[in-house]
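Here is a short report on one protein model. It covers surface, sheet and charge pairs.

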Amino acid sequence: MPAIHSTRIERLDRLERVLPRGTASVQSCLEGARLLAILGDAYPGDNEKARRRALQRDLDELVKTGRIEAVNPGGKPLRYRRLLDEPDENPKVWQYTLRQIRDLVAEALPARRLDRLWHRLLAEIDEPILDETRVRILPDTLRLQPVELYPEVLGAVIEALAKQRALKVLYEDARSVRGEAVLHPQALIQRGPIPYLFALKNGESEPVRLYALHRMIRAEAVMEECARAAEGFDLDRAIAGGQADFGQGETIDLELRVRGYLAGVLGVCPLAPGQRIEDEPPDSEFDLRVSARVPSTGQLLRWLLGAGDNVEVLAPVELRCVMAAQTAKMALLYPESA
């Protein structure tokens with residue numbers, strides 16, 4: 001097979017795979033400029049018009065052969081998505097798919113990880129039966145726009161994590177001081193809009209530090225050097241202990257009085273396993289008294305402040321004092337109008 005022909009086949013396959021599949025919404029489908037940004041190395045050259053023409057020829061070929069479709073015919077710019085085969089009606093295939101679904105449900109429900117279940121149903125079922133037109137995951141807090149990252153940096157971090165290799169980085173700290181280091185990746189977390197890498201630094205055996213990916217100016221996986229594993233490191237413990245939230249993470253006995261929407265939410269979505277709920281007296285301004293053992297983190301404080309006057313912290317006393325100080329500062333920002 002001629003090399004140029006083989007290369008184009010690979011490029012067409014790559015182009016098809018990067019497009020969203022099934023009945024993805026128009027907004028989530030990709031147009032030419034975005035595809036060129038993603039697949040830039042597949043369409044080399046300095047002539048932008050020539051690169052766009054080459055991409056359009058490939059898109060037309062995939063449309064002609066029924067592998068993709070334009071979701072907004074006549075629109076500018078055209079947006080594309082992959083076409084899925086019709087669902088296989090073979091009962092044995094459906095029974096296998098149903099078994100997959102039940103296994104995912106059995107894995108997710110005991111730990112109450114419904115968000116993980118939805119993501120896996122959308123991405124991991126062999127014959128996709130759900131898509132974003134029928135399942136959508138919405139955060140219960142304001143979601144900021146994700147931080148901007150260097151594509152080469154993110155690719156190198158993923159490669160180093162996947163292959164368990166060291167990562168050589170040029171890093172800029174919060175004081176804008178730059179320095180090179182060899183990191184030994186342990187895990188990656190997405191905290192709000194910013195991804196962070198848990199890693200050992202250079203020859204250190206401890207501590208495991210957090211590195212913000214947007215502060216990495218340059219990164220390269222060091223394929224000849226395996227990443228050292230940090231003794232005793234566990235991602236779930238690090239998150240539960242507050243390390244990922246930049247709080248102290250010590251466990252506290254939290255006692256609250258709640259009312260309004262929060263009473264309904266905490267009745268079905270506990271703060272922690274073992275949460276206790278009691279009715280408040282009839283003459284109380286609140287509906288319920290809630291007690292739970294939880295990590296003391298910045299995330300907890302932000303959640304309490306966000307609940308407004310639907311929550312009152314009774315214990316611990318230190319947290320009650322913090323809430324009083326924070327709400328007093330907020331009140332100063334919003335003096336009553338004359």
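## Basis

Buried means under 20% relative accessible area, exposed over 50%, and partly exposed in between (1.4 Å probe, protein chains only). The model is predicted: local features need pLDDT of at least 70, side-chain atom pairs count only at pLDDT 80 or more, and totals for chains, interfaces and linings use all residues. Residues are numbered from 1 along each chain as its sequence is written, and side-chain values use heavy atoms, without hydrogens and water.

## Trp118

Trp118 counts as partly exposed because its relative accessibility is 34%.

## Charge pairs

A salt bridge puts a side-chain nitrogen of Lys or Arg within 4 Å of a carboxyl oxygen of Asp or Glu. The count by this rule is 19. Asp13 pairs with Arg67; their closest N and O atoms are 2.7 Å apart. Asp13 lies in helix α1 (residues 3-18) and Arg67 in the loop between α3 (48-64) and β2 (68-70), so the pair ties together parts 54 residues apart in sequence. Helices (H or I, at least four residues) and strands (E, at least two) are DSSP runs, numbered from the N terminus. Asp13 is partly exposed at 28%, and Arg67 is partly exposed at 25%.

Arg218 forms a salt bridge with Glu180, with the closest N and O atoms 2.8 Å apart. Arg218 sits in strand β8 and Glu180 in strand β5, so this pair links parts 38 residues apart in sequence. Arg218 is partly exposed, at 45% relative accessibility.
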